[in-house]
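User: I am new to this structure and would like to learn how to read its features step by step. Could you take me through them, giving the general idea before each case?

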Number of protein chains: 4
Amino acid sequence: MKVGVLTGGGDCPGLNAVIRAAVRKGVQEYGYDFTGFRDGWRGPLEGDTVPLDIPAVRGILPRGGTVLGSSRTNPLQQEGGIRRIKDNLAELGVEALITIGGEDTLGVAACLAQEYGVPCVGVPKTIDNDLSATDYTFGFDTAVGIATEAIDRLHTTAESHMRVLVVEVMGRHAGWIALHSGLAGGANAILIPEQPFDVEQVCGWVTSRFRASYAPIVVVAEGAVPRDGDMVLKDESLDSYGHVRLSGVGEWLAKQIEKRTGKEARTTVLGHVQRGGTPSAFDRWLATRFGLHAIDCVRDGDFGKMVALRGTDIVRVPIADATARLKTVDPALYDEVGVFFG
Amino acid sequence: MKVGVLTGGGDCPGLNAVIRAAVRKGVQEYGYDFTGFRDGWRGPLEGDTVPLDIPAVRGILPRGGTVLGSSRTNPLQQEGGIRRIKDNLAELGVEALITIGGEDTLGVAACLAQEYGVPCVGVPKTIDNDLSATDYTFGFDTAVGIATEAIDRLHTTAESHMRVLVVEVMGRHAGWIALHSGLAGGANAILIPEQPFDVEQVCGWVTSRFRASYAPIVVVAEGAVPRDGDMVLKDESLDSYGHVRLSGVGEWLAKQIEKRTGKEARTTVLGHVQRGGTPSAFDRWLATRFGLHAIDCVRDGDFGKMVALRGTDIVRVPIADATARLKTVDPALYDEVGVFFG
Amino acid sequence: MKVGVLTGGGDCPGLNAVIRAAVRKGVQEYGYDFTGFRDGWRGPLEGDTVPLDIPAVRGILPRGGTVLGSSRTNPLQQEGGIRRIKDNLAELGVEALITIGGEDTLGVAACLAQEYGVPCVGVPKTIDNDLSATDYTFGFDTAVGIATEAIDRLHTTAESHMRVLVVEVMGRHAGWIALHSGLAGGANAILIPEQPFDVEQVCGWVTSRFRASYAPIVVVAEGAVPRDGDMVLKDESLDSYGHVRLSGVGEWLAKQIEKRTGKEARTTVLGHVQRGGTPSAFDRWLATRFGLHAIDCVRDGDFGKMVALRGTDIVRVPIADATARLKTVDPALYDEVGVFFG
Amino acid sequence: MKVGVLTGGGDCPGLNAVIRAAVRKGVQEYGYDFTGFRDGWRGPLEGDTVPLDIPAVRGILPRGGTVLGSSRTNPLQQEGGIRRIKDNLAELGVEALITIGGEDTLGVAACLAQEYGVPCVGVPKTIDNDLSATDYTFGFDTAVGIATEAIDRLHTTAESHMRVLVVEVMGRHAGWIALHSGLAGGANAILIPEQPFDVEQVCGWVTSRFRASYAPIVVVAEGAVPRDGDMVLKDESLDSYGHVRLSGVGEWLAKQIEKRTGKEARTTVLGHVQRGGTPSAFDRWLATRFGLHAIDCVRDGDFGKMVALRGTDIVRVPIADATARLKTVDPALYDEVGVFFG
C-alpha cells in the first residue's frame, strides 16, 4: 500500500507533527510506503513528489511550517485538473491520499472523494479555528499563545504612558483568536467579525478604563467591522457578510479612539508571527493524534472522512461536514466574555 | 448576598484567574459581595478572611499561585470542625462558598454540601489532570508546556554527548503530564503510574534508539513503578496500587539503564517549576470560564455542583462525581502513543 | 537625606529594576528617604509625587514599564520651568535627583546640573542602545530577544510558502536592534539607518537566497532609507541625516521586492511589543546594577554624573558625554555581519 | 587551505553558531575548505571526521548542542596522543585547527600550539562563565535566562504555600550563574562556591523574609559549601579549594533550613535543562562573532591565540591566558548584591 500526503493552504504550526505521526505509524505498524506531494494540490496535479519515510520525518515534530510545502492551487478550477490528479496517483501507485488543509483544501478532497472516488482522508487545519465538526484545530493554540504573550507585554507600555493600545490579531471571518487571546490577555475590549462593533461603545469602555486609572488594551480581529452608522471608509468593498471590509481595522480604530476620546492610541498588528514557529505542546499533541488516526482511516478504507476532536476523543466525520459552514463565535459565548469589557 | 471563596491543596497556575472571574461577574452583574478565606479550609475553620473585591483582583489574571493562600487543612479530621465552619460562615453572613481545589478540598465540599447543607460550589483544580468528570483541569496545560520545553532543551544535550536523558515529571497516580509532554517532546519512552514498566523493555528502546544514531529521552512520571520482577528497592513501602513506591524513580532508572546498556545516563527532576508561574493562555481561558460559571451556579442556587469542561462547553456535575474516582490514562491511549517508543 | 527619582521618555523593560535597586540600597544601607516623581520631568515641574519606599518597590523587578509613569515633558521649553523645578525640590526637601532616561531626559539633567546646580545623577535608558558612553543600555537585550524570537517564527512561514518576509524592527537613528536580532535570527539581509540601502542589491540577495532553495528574511530598522537613486516617495520629508524619511519602510520595501523579483513578499511590523513586558535576565542585572551605583553617586555627592557599563564594570561619566552624540553602528561591524547576507 | 574544527567538553548553546560563522566566512570570503572532527579531541586523535561545508551549517544557528559531537577525551593523557594528532592532521591536509572548548580543551590546544607547533586557534566555551580573559562566554546568558525563568515561576509557589524554595543551579567552582540568575530572579539569598556560607545566617535571612510576610527563595550554586563549623557530612571528600564537597547541596540546605527555622522547604535542581536548547539572542551574537574572528585568526596565521570579548569588542589573547586561572566572583561584587538578601 502506498499512501500520499499533502498539505494545502496557509501554514500552521503542527503540520509536520501530523505528517510525522502518520508516517511513523503507517510504516512501523502497517508496513505502508509513503509519497509526499509538494505544495498542496499542485503536487498531485503535476506529479511533483518528495520522498517520505522515517528518516524524512526525524526531528520535524517541534518545527513549524510544513516540510512538504504548501500552496493555494485548486485543481477544480483547472481544465482537466481532476483527470490529471487521478492519472498521477495511478501512475505513482498511490492508493490513499491524506490531505491536510482548511476549507479550500478539504473542499477539494470532499469533492474528489464523493464525486470521483479518489480515496481521500482529511485532516482539518486552520489557524483561525473556524472549521466545523472539530472542537479545535492545531495551530490555533499556538497562535493564541503568541497573541496572549504580546498582549501581556503591551500592558506595561499602556500603563506607563497612559495610552490606548489596539492589537490586531488574525481572524478574517471568525473571532476565535481575538476572543481567546483577548480574554487570556486581560483585554478591555474584544472586537470580532461576528459582531459588528459600535465605535462609540468602544470609546466608552476606553474612557471608563482610564477613569479607573488603568490604560486600556483593545483586541480586534482583522475581520472585525464597525456598525453601519460608523461607515466612514466609502472606498472599501463589502465582504462576504455584506459588511464594510476594512484593511487595517486596527489602525483605523486607533485613529477613531484618538479623535473621540482625546487619548493617545497606538496599534500593533501581530501578523505572520502568529502562524510561525514551534507548535505549543497542545498543538503537538492534537496534530500527532490527528496523524495517528488519519492513517487508521486509511487502514480501515474509511475514505471521504476527516479526523476531528470531540472532547478528548478523536472521531471521524464526513469531510463535507467540516466545510459545510464556518464555525463562528456563538453570541452567548461573546456575551459571557463581555463582563471584562470596559 | 455574600459569597466566600477559598483555594485548597497544591498551587496551580490559573487559581487567580478563577477568583478574578467569579468576583468580576459577581460584583458587576449580580451585585454580590465577596469574602476571601485564607489558606483553604483553614480560612472558614478559623474565620480567617481577606478582603475580596474588584480592586483586589486587578492584575492577578497572569499571576501563578493564589492570592488567597492555600493549605491542606481538612476540617473533617478536626473535632468540631464542621460546626466551627458553619458558625463562622453564619457570623460572617456568607451564604455561598466557592471552593476551588482537588480531590481533598472538593471531597470536603461534597460532604459539607450533602451532609450538612453548606451551600458549596466546586471548581476542579489539579495540576495532574486526574479529576474525573472534566475533560481538563487548568494548570495542566501550563505544566505540560513547561515540561515539553524542558524536553526540547534536553534533546540537544542528549545528541551532543550521546547520552540517555531521563526526565522525571509530576504525576503520582496518573501519567497525564508524562504522556502529553513526552509525546509533545518526542520522547523515546514514556513511563506512567498506570502501567508498571519493564526495565528490560526500556533498555531495549534505549539501545534501538542509539542504533539509529540518536540519543534517547525517557520521560517518567514520579509515580511510575517497575514491574514486580524488577523490584530492587526492598526498603520502599507499597503505594495505594500495591506497587513498590520509589522516591526518585528517575534517578533509579538512570542507574539501571547505565548498568544494563553501558550507556551514560543522566536524570533531570523538573519538580516545582512545573506548577509555578504565569498560566498558559489555555489555562487562563479555562480558569476564567470556570470562575464565570461558578458564580452562575451561586446565582442559580445550584449547590453541591462542580463546574466541568466537556468539549468546549462548561457544564455542571455533582461534586461527588469528580472525586469518586481518579481519572487515569486509558490503556488504549497509552498503546496509541507507544508507536513512538524506541 | 531625601532622594527624588523620575523616569522619562519611552518605556523600557528594566526601569522598575533601577528604581527598586536604588531604593533598596538607599533605605537599607544609607538610611535615605525617597520621593517618586510622576511622569518624567512633569513630576518635579508640577510637584506631582508618589510615595517611594521599600513596600512600594516589592515585586516590581520582573515587571516592564515604570511604576512612576513617564512623559516627554521638557522643562527647558517651558517658561520658568527651571525655577519651578528648583522651588518644588526645595519645598519637598529633595536634595538629590536620580533621572532615568534617554537623550532628552538626560539632556535636561545635564543642563540642570551644570547650569543651575541641581544635584542630578543620570541613569541611561534607551531601548535603541544608541547612547554614547555606555556599552549597553537595559531594555535593548529584551527588545533584541523579542525580535529574534519573532524572526525565528517567521522562518517557517517563509520556507513553507517560498515567500520573502520583511521584518521591520525599532531603530529610528541607529540600527542596533536590527543588527543584533537580524544576525541572531539568521536574516539574509539587514538594513540599518546608518547605511542607506540599495534596493537592487537587496533584491539580488533575495534572488540568490531563493536560488539556494531557501526563502529569505529581510530585517529592516524603521529608520532605514534607500539610496538616493531609489527615492520614489517624493512626498516624504528629509530626516536629520538628510535622507528621505519613510514611514513604513518595511511595507514599501516588500512592494519593491515583489515588483522587482516577482516573488511574493510580506511585512511584519513588530512595534510596541518590542518594548513591553518582563525584562530579560541580562537587563534585570544591568538595570539593578545601574540602580545600585546611582545611589552610590548620590552618597558620594557625585552629581552631574551618569552610570555606565564598560565591559563588566559600572563606571561614572559626565552626563553630557552620553548625550553629546548618538552611538551608531560602526561601518566595520556592519561589514563583518555582511557575510551572512544573500 | 583546509581548516579543522572541533568542539570539546560539556555542550553549551552557541557551539553551532560558532561553527556556522567560521565556515560561512572561511568559505565565502577566504575560499577555505573545512573538516569537522567528531567528539572533541577524539576526532583528530582517531582521524574521525565529518564533512563541513555551507550546506552542513545551514539552519544550525538556533540549535543547541553541537553538530560535531563532544567528549572529554584528553590526548595529553594518552600514550603517543600528540604524535597521532599531528599525523592525522598532516594526512588530512589540515593546516589550522579551530578548537572550541573550556579549560580542558583549550589547555590541550595551548600545549599543542606552544610545545608542538600545532596551528591552533581557540574559542572559549563554558556555560559557567569562569574562563579568564573574556568578559563573557556564550551559553552563560542562555543558562542564566533559563534559571531566572525558573526562579520567576517558583516565587508563586513559595508565596502560595509560605514555603522556602531552594534552587540549585550550575556552577561547581564559580558562582556566576547563581549570582546573575539569583539577582535577576529576586532571590533572598545567593550562595556561591567562592564564599563558604553560614547556615545560621541563611536561616536568619529566611526568617526575616517571612517576618515581612513573603516567602523566601534561596539560590545555591551546586559547588557552594557551608563554613567549617557547619560540616555535617563527614563522608564527603574535600574539593580543590579544600572545602567539603557536597553532592546535593540544595537538598542538604533545605533540610537544614527546615530543622533550624521550622518552615517547610523544598528543593529544585535545574540540572541539564540549563545547558540545552536554543541559544539566547545574546549568545547567538557572541558565538557568531567569535566564529568570524576565529577564522580571521586563521587567515592571519595568528595561532596559539584565543578570541575573547572585551566590552563590545572581540580581541585576541594567548590561549594560555584564558586557562591560567579560573575567573571567580569578586568579593566586592558579591557584597554589592548582598543588599537584596533577607
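**Reading the interfaces and sheets**

Analyst: Let us begin with an interface, where the contact takes 40 residues from chain C and 40 residues from chain D. Please keep in mind throughout that this is a predicted model.

User: How much area do chain C and chain D bury between them?

Analyst: The size of an interface is often given as the accessible area lost when the parts come together. For chain C and chain D that area is about 3500 Å², with 62% of it on carbon and sulfur atoms. On the side of chain C, the residues C:Trp285, C:Val339 and C:Phe340 account for 21% of the area buried against chain D, which is more than any other three residues supply.

User: How many salt bridges does the rule find across the interface of chain C and chain D?

Analyst: The rule finds four salt bridges across this interface of chain C and chain D. One pair to look for is D:Arg284 with C:Asp152, which form a salt bridge in which the closest N and O atoms are 2.8 Å apart. Across the interface of chain C and chain D there are also 10 residue pairs in polar contact, both residues being at pLDDT 80 or more.

User: Which elements give two or more residues to the side of chain C that touches chain D?

Analyst: Those elements are helix 1 (15–30), helix 6 (140–161), helix 7 (176–184), helix 10 (281–299) and helix 12 (331–337) of chain C. Helix 10 of chain C gives the most to this side, with eight residues. Sorted by class, the side of chain C that touches chain D consists of 17 nonpolar, 11 polar and 12 charged residues.

User: What should I read for the contact between chain B and chain A?

Analyst: Here 40 residues of chain B are in contact with 40 residues of chain A, and the two chains bury about 3500 Å² between them, 62% of it on carbon and sulfur atoms. B:Trp285, B:Val339 and B:Phe340 supply 21% of the area that chain B buries against chain A, more than any other three residues. Four salt bridges are found across the interface of chain B and chain A, and B:Asp152 forms a salt bridge with A:Arg284, where the closest N and O atoms are 2.8 Å apart. The count of residue pairs in polar contact between chain B and chain A is 10, with both residues at pLDDT 80 or more.

User: Which helix of chain B gives the most to the side that touches chain A?

Analyst: Helix 10 of chain B gives the most to that side, with eight residues. By class, the side of chain B that touches chain A holds 17 nonpolar, 11 polar and 12 charged residues.

User: How far apart are the closest C-alpha atoms of chain B and chain C?

Analyst: They lie 12 Å apart, and no contact joins chain B and chain C. Chain A and chain D do not touch either, their nearest C-alpha atoms being 12 Å apart.

User: Let us turn to the sheets. In what order do the strands of the seven-stranded open sheet of chain B run?

Analyst: Strands of a sheet pair through backbone hydrogen bonds, either parallel or antiparallel. In chain B the open sheet of seven strands has the order 3-2-1-4-5-10-11, with mixed pairing. Its edge strands are strand 3 (49–51) and strand 11 (313–318) of chain B, each of which pairs on one side only. Neighbouring strands of this sheet are turned by 30° against each other on average, direction ignored. As an example of the pairing, strand 2 (residues 33–37) and strand 3 of chain B pair in the antiparallel sense over three bridges, and B:Phe37 has B:Thr49 in strand 3 of chain B as its bridge partner. Helix 10 of chain B packs on the sheet, touching several strands, among them strand 1 (2–7) and strand 10 (305–310), and its direction makes about 140° with that of strand 10 of chain B.

User: What is the order of the open sheet of four strands in chain D?

Analyst: This sheet of chain D has the order 7-8-6-9, with parallel pairing. The edge strands are strand 7 (189–191) and strand 9 (265–269) of chain D. Strand 6 (residues 164–169) and strand 8 (residues 217–221) of chain D pair in the parallel sense over five bridges, and D:Val166 stands opposite D:Val218 in strand 8 of chain D.

Methods
Residues are numbered from 1 along each chain as its sequence is written. Chains are lettered from A and ligands numbered from 1 in the order in which they are written. This is a predicted model: local features need pLDDT of at least 70, side-chain atom pairs count only at pLDDT 80 or more; totals for chains, interfaces and linings use all residues. Side-chain values use heavy atoms; hydrogens and water are left out. Two strands pair if DSSP finds at least two bridges between them. Contact means heavy atoms within 4.5 Å. Buried area is the accessible area (1.4 Å probe) that two parts lose on being put together, summed over both. A salt bridge is a side-chain nitrogen of Lys or Arg within 4 Å of a carboxyl oxygen of Asp or Glu. A polar contact is a pair of N or O atoms within 3.5 Å; within protein, one must be able to donate a hydrogen and the other to accept it, and residues adjacent in sequence count only if both atoms are side-chain atoms. Ala, Val, Leu, Ile, Met, Phe, Trp, Tyr, Cys and Pro count as nonpolar, Asp, Glu, Lys and Arg as charged, and the others, Gly among them, as polar. Axes are lines fitted to C-alpha atoms, for helices over the stretch in contact, and angles run from 0 to 180 degrees between N-to-C directions.
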